[in-house]
Amino acid sequence: MTGLAFLIPIALGMGLLGLAAFFWSMKNGQYDDMDGAATRILIDDDGFGEDEA
Amino acid sequence: MNAPAPVTAEDSERPLISTRFTVPGMRCAGCIAKIERELPKLQGITAARANFSAKRVAIQHDPSVDETRLLEALRALGFEAEPVAENPLGRETEERKRLTRALGVAGFGMMNVMLLSVSVWAGAEGATRDLFHWLSALIALPVIAYSGRPFFSSAWMALSHRRTNMDVPISIGVILATALSLYETIDGGGHAYFESAVMLLFFLLAGRALDAVMRDRTRAGIGALLGRMGKSASVIAPDGSTRRVAAHELEPGMLVLVAAGEALAADGEIQDGTSALDNAMLTGESMPESAGPGSIVHAGAINLSAPLRIRLTHVAEDTALAEIARLMDEAGQSRSSYVRIADRASRLYAPVVHSLAALAFVGWMIAGAGWHQSLVIAIAVLIITCPCAMGLAVPAAQVVASGALLRRGLLVKDGSALERLAECDVALFDKTGTLTLGEPRADISGLDTTARAVALGLAQASRHPLSRGLAAALLREDVEPAMIEDVREVSGQGLTGRWQGLTVALERPDDARQGLATRLRIGLEANTITFADPLRADASETLAALTQEGMAASILSGDRTGPVEAVARELGLDAEAEASPQAKLATLEALKAQGFRPLMVGDGLNDGPALAAAHASIAPGTASDASQQAADAVFIGEKLMPVALAVRVARATMRIVRENFAFSIAYNVLAVPLALFGLITPLIAAIAMSLSSLVVVANSLRLARSADR
């Protein structure tokens, strides 16, 4: 029974972590340009693609 | 790596500003690389960031660099661009983000509550079960409060207007299930339906989010209304000096100077100067119209060859262009009364489900089951019939179909557009720019290599549509331009220059009857190049495909009778020519009054009201901004086939949607008796709900290849 006291908070914490990661990535604009991200991999220029601004 | 370039406020010594452009020509990784690498090399531009999905480029630059210079820089790289005026984070994107966040929260809640529920189903008892129920409640309550908001607020809106929609039965089901589960938890009872309530929200939110994604994807690229209309004009003061005045500050009676290549900002009468005007946006006529002193000219027309002095007669809200915009506005009203199929279904569905639940409660009370058990059974009926699969039935099919169409070059704006497209039974086509390509194509077969090189060298120097058409045709043939010195453009006459000691020219042919043509002169040798506005290559195939779908087609054009009839004869269609925007609108209203559901396909601003009034409408990607906004779908490229494809796929989509509905109803017919007899446990409810949703999604995926045949 005492196992539950650890396991449930761990399960919940991992779920919350995933949710937080999802929110972060959305706020960060990771889903703003899905097609662009797919094509950017093909740009073969060293050091290119970093944000200068 | 994909972090958006932030507007750097801390870069304080040089406050940068950010300007956005739509760049429809961005098609590959190379285009992104070119824009992002080359632009910052220019003086005053700090960074450029391309958004490929939205076909937009955000440029960070010094305030001293103005919009025109940026546009020129983009053009120098080979991209036509248009500045984006409105707030880049529009309301639409906001809504999608809200739905996605709600979906994320519901997904988190569903997984964790399910984890606990499975333990209960597996046989957890006594204190453990109570603990798990309490934990479920702790997770589910905030999740339902947060994720259910889109449904609750929509249902509340509908109820407060004494209407009902899809969200009313959903909200009632979710709230009752949560309340009952909470009661069971406090009471230490055996059955809590938290996982069903959260799962229901998750599946429904998935449907909504898909719907929003579809709308966003296509609206992103569509620019601001009336972009074609001149935004300002050079007003000539009595002392002869000129100053720029914004379009809305112009007044009747002002004298303005319109340079060659400039769009008119208001209606007026020509005082001085002779030129040719491109009226295609207003009349749909492809041939430039010559205008001289005394001619009446309209806002939106583009002055092609020579500067004009124009005395303004009508400005701002009184121009012919603004009148068209007003007509469009009014014509679009009728469409907003269209009721989506999901809402139509729920109007039938909700009363049946709610009376069934009420009957179950009353029935079990009479049978003497006690109010607690009767209530549990009534709520089980509500949960099992809650339109989970129904909420997915429509958006899942529509998103898959619109994705399939997108790959074939057709952007459908939203689900309601697909529903209306499927219902259309007659098609009306505009001529210029819709059945035809809408741009003059030069016939260069008569030119030898030298002539081609000289022609390109000259044509590149001008922005006249014939020159641009000629340059485009030559560039397609990989012609290298000759070095022409001393190129001069004489308005209304043409271009002259010197090449290897010879005088070369692109000029107006003496014979005006030849229609659209230009004469290339090299020394004493002269060649006439004719231009035509050819039909789209697959126009007749497209019309045949439409006929196969049972749709009769005809032409409704603003162009002169002669050219329209020529096209009509070639395609074997009926035609109505010289139709004003009002006349086009009237034709459509008459068709609708006869009980037809017309599909309008057109591009010009003069088609705008008709596009807005039609049951469904499609515009080519080259159409005016206003027409693209009024249309339900936009097709890209030189082929007309996407129009026929759109109709076929829209109809296939509706077939799938009906299948999905039929499945949902069949499933309810089976499940409701179980619920009525009190045999539904939370486990069965959860399994039934996810199973039916999966079947609906799988069935919708069959549409993925629907556009490929």
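User: How many helices and strands does chain B have?

Analyst: In this predicted model, chain B has 23 helices and 26 strands. Helices are DSSP runs of H or I with at least four residues, strands are runs of E with at least two, and both are numbered from the N terminus. Residues are numbered from 1 along each chain as its sequence is written, and chains are lettered from A and ligands numbered from 1 in the order in which they are written. As the model is predicted, local features need pLDDT of at least 70 and side-chain atom pairs count only at pLDDT 80 or more, while totals for chains, interfaces and linings use all residues.

User: Why is Q500(B) called partly exposed?

Analyst: Q500(B) has 13 other C-beta atoms within 10 Å, so this residue is partly exposed. A residue is buried if 20 or more other C-beta atoms lie within 10 Å of its own, exposed if 12 or fewer, and partly exposed in between, with C-beta atoms placed from the backbone. Q500(B) sits in the loop between β18 (494-499) and β19 (502-507) of chain B, and its phi is near 50°, a positive value in a residue other than glycine.

User: What makes E578(B) partly exposed?

Analyst: E578(B) is partly exposed because 14 other C-beta atoms lie within 10 Å. The loop between β23 (574-576) and α19 (581-593) of chain B holds E578(B). Phi of E578(B) is near 50°, a positive value in a residue other than glycine.

User: Why is E82(B) called partly exposed, and where is E82(B) found?

Analyst: The count for E82(B) is 15 other C-beta atoms within 10 Å, therefore E82(B) is partly exposed. E82(B) is found in strand β4 (residues 82-83) of chain B. Its C-alpha atom is separated by 18 Å from that of A247(B), 165 residues apart along the chain.

User: What percentage of the 709 residues in chain B do buried residues make up?

Analyst: Buried residues make up 47% of them.

User: How far apart are the centres of domain 4 and domain 5 of chain B?

Analyst: Taken over C-alpha atoms, the centres are separated by 35 Å. Domain 4 covers 410-438 + 536-636 and domain 5 covers 441-532 of chain B; domain bounds come from an automatic or database domain assignment.

User: What is the mean pLDDT of chain A?

Analyst: The mean pLDDT of chain A is 78, and 81% of its residues reach 70 or more. pLDDT is the predictor's confidence in each residue, from 0 to 100. Over residues 48-53 of chain A, pLDDT stays under 50.

Terms used: Two residues are in contact if their C-beta atoms, placed from the backbone, lie within 7 Å.
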